Amino acid sequence: MIAHVAAAGEGRGRVVLWLGSSARTSSAAIDAAMLVAHAYDSEVESLFVEDQQLFEFASLPFARIISSDEEGWRALPSVDLEREIHLVGAALQRQIATTAREASVTYRSRVVRDDPMRALARACSETGPWNVVTIAEPFGAWKEDRLRDLFSSVHGTTGIVITGPMASRIQGPIIVVVEEIERLSPMLKAAERINEATGGPVKLLLVGDRQDELAWLEGEARLLFSDGEETPFEVVLVERGDTAAVAETLRRHRAGFVLAQYGGLTVPAEGSLRPLACALECPLLIVR
């Protein structure tokens, strides 16, 4: 699928910044949402989800939380939970609104109380199909199976942006990780749009698990640039499931933004993404 976001006013999508009731939020993820929206002349909508399960748990008679003061374990009435979550959401929305103004990006916010995944699926189905979802929580705060759920159950999206716990910048080379030749052209177009917003050089990282297929992929890729256009190449041979090799290459290049496909060697549908997410110091846009 083409990595694309609908333009503002088009009514067919936007950048959805997915916020949870946790205070763990990546500023790099917020910056990435603004960057993608700016690159596509799109807009950002923050979706703050008050997790319905938290309120259901708080209503149970044995529900307790650990207090930050000397009280230790204490009950948490639903009214207190609602107030605390409201304060977290309001603070996040103020931060995002300020970032949007500085980036000259149209911004609006929405608050819903629902199951987080269901809320996101509904938001993307209402206005689509050209949405890009940016997850505000750093990758370490949620499990790999959440990403699988996103791609399988949240339709009306062309890509998902994640950031790891080390993410701190959006400036630097834009690296396109290519594993299939048919993906090269649309992913390069997306990188060039981001390049217009950041000015970072575009580089290709060709990834494969067989030397002969990787050599063929490199040859085909170079044919696309035979007219003299300069695009730096790097080739990485990996064992299936070994995301650490790709992660180390990306870290060494000090990328400002990375694009990769879902379900391949770099971002496998099964297996751990933790080495990749922990090594990245920039956002990762994962396309279908």
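The talk below goes through the labels one by one.

Visitor: What kind of model is this?

Guide: This is a predicted model. Its secondary structure comes to nine helices and 12 strands. Of the 288 residues in the chain, 51% are buried.

Visitor: What makes Gln-93 buried or exposed?

Guide: Its relative accessible area is 17%. Buried means under 20%. Therefore Gln-93 counts as buried. The residue is found in helix α3, residues 78–103.

Visitor: Which residues is Gln-93 in contact with, leaving aside its neighbours within four places in sequence?

Guide: They are Ser-46, Phe-48, Tyr-107, Ser-109, Arg-110 and Val-111. Contact here means heavy atoms within 4.5 Å.

Visitor: How do you know that the span of helix α6 agrees with its number of residues?

Guide: Helix α6 has 18 residues, 181–198. The expected span is 1.5 Å times one less than that number. That gives 26 Å. The end C-alpha atoms are 26 Å apart, so the two values agree.

Visitor: Which residues of α6 are buried?

Guide: They are Arg-183, Leu-184, Met-187, Leu-188, Ala-190, Ala-191, Ile-194 and Thr-198. An α-helix has 3.6 residues a turn, so residues three or four places apart point the same way.

Visitor: What covers the buried residues of α6?

Guide: The cover includes two helices, α1 (27–39) and α7 (211–223). It also includes the strands β8 (174–178), β9 (202–208), β11 (257–261) and β12 (284–287). After α6 comes Gly-199, with a positive phi near 80°.

Visitor: Which strands form the open sheet, and in what order?

Guide: The order is β5-β2-β1-β6-β7-β12-β11-β8-β9-β10. That makes 10 strands, with mixed pairing.

Visitor: Why do β5 and β10 stand at the edges?

Guide: Each has a single partner strand, so one side of each is left without a neighbour in the sheet. Strand β5 covers residues 106–114 and β10 covers 233–237. On average, neighbouring strands of this sheet are turned by 20° against each other, direction ignored.

Visitor: What makes two strands such as β6 and β7 a pair?

Guide: A pair needs at least two bridges. Strand β6 (residues 131–135) and β7 have four, so they pair, in the parallel sense. Asn-131 has Thr-157 of β7 as its bridge partner.

Visitor: How many bridges join β7 to β12, and how do the two run?

Guide: Four bridges join them, and they run antiparallel. Ile-160 stands opposite Ile-286 in β12.

Visitor: Why is β7 called mostly covered?

Guide: Strand β7 has residues 157–162. Six of its six residues are buried. Each is under the 20% cut-off, so the label holds.

Visitor: In what sense do β1 and β6 pair?

Guide: Strand β1 (residues 15–19) and β6 pair in the parallel sense, over four bridges. Trp-18 stands opposite Ile-135 in β6. Helix α1 packs on the sheet and touches β1, β2 (43–51), β6, β7 and β11. The direction of α1 makes about 165° with that of β1. Helix α4 (residues 116–126) packs on the sheet too, touching β1, β2, β5, β6 and β7. Its direction makes about 135° with that of β5.

Visitor: How is the packing of α4 and α5 described?

Guide: Two packed helices are described by the angle between their axes and the distance between the axes. Here the angle is about 35°, and the axes are 10 Å apart. The crossing of α4 and α5 is right-handed. On α4, the contact is made by Met-117, Leu-120 and Ala-121. On α5, Arg-146, Asp-149, Leu-150 and Ser-153 take part. By class, this contact has four nonpolar, one polar and two charged residues.

Visitor: Which residues of β11 point one way, and which the other way?

Guide: Phe-257, Leu-259 and Gln-261 point one way. Val-258 and Ala-260 point the other way. All are buried.

Visitor: Which strands pair with β11 in the parallel sense?

Guide: Strand β8 does, over three bridges. Strand β12 does, over four bridges. Ile-174 stands opposite Phe-257 in β11, and Ala-260 stands opposite Ile-286 in β12.

Definitions and conventions
Residues are numbered from 1 along each chain as its sequence is written. This is a predicted model: local features need pLDDT of at least 70, side-chain atom pairs count only at pLDDT 80 or more; totals for chains, interfaces and linings use all residues. Side-chain values use heavy atoms; hydrogens and water are left out. Buried means under 20% relative accessible area, exposed over 50%, partly exposed in between (1.4 Å probe, protein chains only). Axes are lines fitted to C-alpha atoms, for helices over the stretch in contact, and angles run from 0 to 180 degrees between N-to-C directions. A crossing is left-handed if the near helix is turned anticlockwise from the far one by less than a right angle, and right-handed if clockwise. Ala, Val, Leu, Ile, Met, Phe, Trp, Tyr, Cys and Pro count as nonpolar, Asp, Glu, Lys and Arg as charged, and the others, Gly among them, as polar.
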